[in-house]
Amino acid sequence: MTENLLEIWNSQPWIRLGVTVIVALLVAIVVHRLARALLWRVSDGHPMAREMLRQARSPMGWLVPLLVLVVALRTRPEADELHIAASAEQILVIALIAVATWLGVRCINAVEFFFCQRFPVDTENNLRARRVLTQARVLGRTGSVLLILIGLAACLMMIPGVRQIGTSLLASAGLAGLAVGLAAKPVLSNLIAGLQIAITQPIRLDDVVIIEGEWGRIEEITGTYVVVRIWDERRLVVPLNWFIENPFQNWTRTSSQLIGTVYLWLDYRVPLEPLREEVKRLCKEAPQWDGRVCVLQVTDTTDRTLQVRILASSADSGSNFDLRCHVREGMIAFVQQHYPDSLPRVRAEVRDPVG
């Protein structure tokens, strides 16, 4: 019986290869579980490492068996005798590259998620949090795109018929990016713009910006575009490279504090000192005023009216808008009640045509 089994074993490479594959898979399962348990225990007290292990659970479940199978096929002499086995090895290598790319993307997502939890932006004085979170998201999205391009190129290079395409794609994602074709130019320009934004940070998450005459906040920064939440709940989608090539207003670049203006056009007979006292009273009673600036000045004159400008400061743009409305409404009511003759009017002189 033993001699028959040995004869079958020596004469059938398929059996030897199949047993090797089964043993390799069993070893891979054991190694994967032991490694995961060990890493989970070592990562105790390290939130980023724990998050990476959580994110990497699915791809690691495929990576270890594929890696062990590739090693088993390359070390067994039966693989050289069986042409199908060689093709299977090529497919396994491609799958291994794809899973490794998947693992890399999940690890990048884990780092990004960790920074999102560590630096929440829904707090006051969140300038540092917005700076760190913007860098994490932009660099993470850019790294994911580059990793996917490299993984796709590596997979294509494993196929002889399309190896040249993979080489070109890999070159376009690296130092040869300056010589890519027109089709790849928008993608690479946005990737480069993303790196510039992450390093120089002309915009950050939750920044208040004015783009194309629209007031809004930076809601999301991806690897190719930025989503701006307009004040009326609309969304403005802007390519990343637009922020590098075009001027725009950023109201929270270094601080969220803002000085707002209110303009009034009044008659020349209006007394200014009571207006100044009323402006100070309105600012002091408004919770939006931060106590820095409250000024009333005559900034222009015409042949009929004075232009009165009021400056009032707030901690952020939203509060400043409410403060400006409060001051404007209060000043109009004050002038109407106490100095109705000082409202703008048209003067005319009527002459007797006979005289």
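**Ground rules.** I'm working with a predicted model, where local features need pLDDT of at least 70, side-chain atom pairs need 80 or more, and totals for chains, interfaces and linings use all residues. Residues count from 1 along each chain as its sequence is written, and side-chain values use heavy atoms, leaving out hydrogens and water.

**Rings.** I searched the whole structure for aromatic pairs and got six. (Rings of Phe, Tyr and Trp, the last by its six-membered ring, pair with centres within 6.5 Å; planes under 30 degrees apart are stacked, over 60 edge-to-face, the rest tilted.) I looked up Trp-242 and Phe-248: their planes sit at 40° with centres 6.3 Å apart, so I noted the pair as tilted. Ring pairs also tie Phe-243 into a cluster with Trp-242 and Phe-248.

**Buried or exposed?** I checked two residues, using under 20% relative accessible area for buried, over 50% for exposed and partly exposed in between (1.4 Å probe, protein chains only). Trp-242 has 17%, so it's buried. Leu-26 has 52%, so it's exposed. I found Leu-26 in helix H2, residues 13-42 (helices are DSSP runs of H or I with at least four residues, strands are E runs with at least two, numbered from the N terminus).

**Sheet.** I traced an open, antiparallel sheet of three strands in the order E6-E8-E7. Strands E6 (258-266) and E7 (289-301) each have a single partner strand, so one side of each lacks a neighbour in the sheet. E6 pairs with E8 (residues 306-314) over nine bridges (pairing takes at least two DSSP bridges). I also noted that Tyr-263 has Arg-309 in E8 as its bridge partner.
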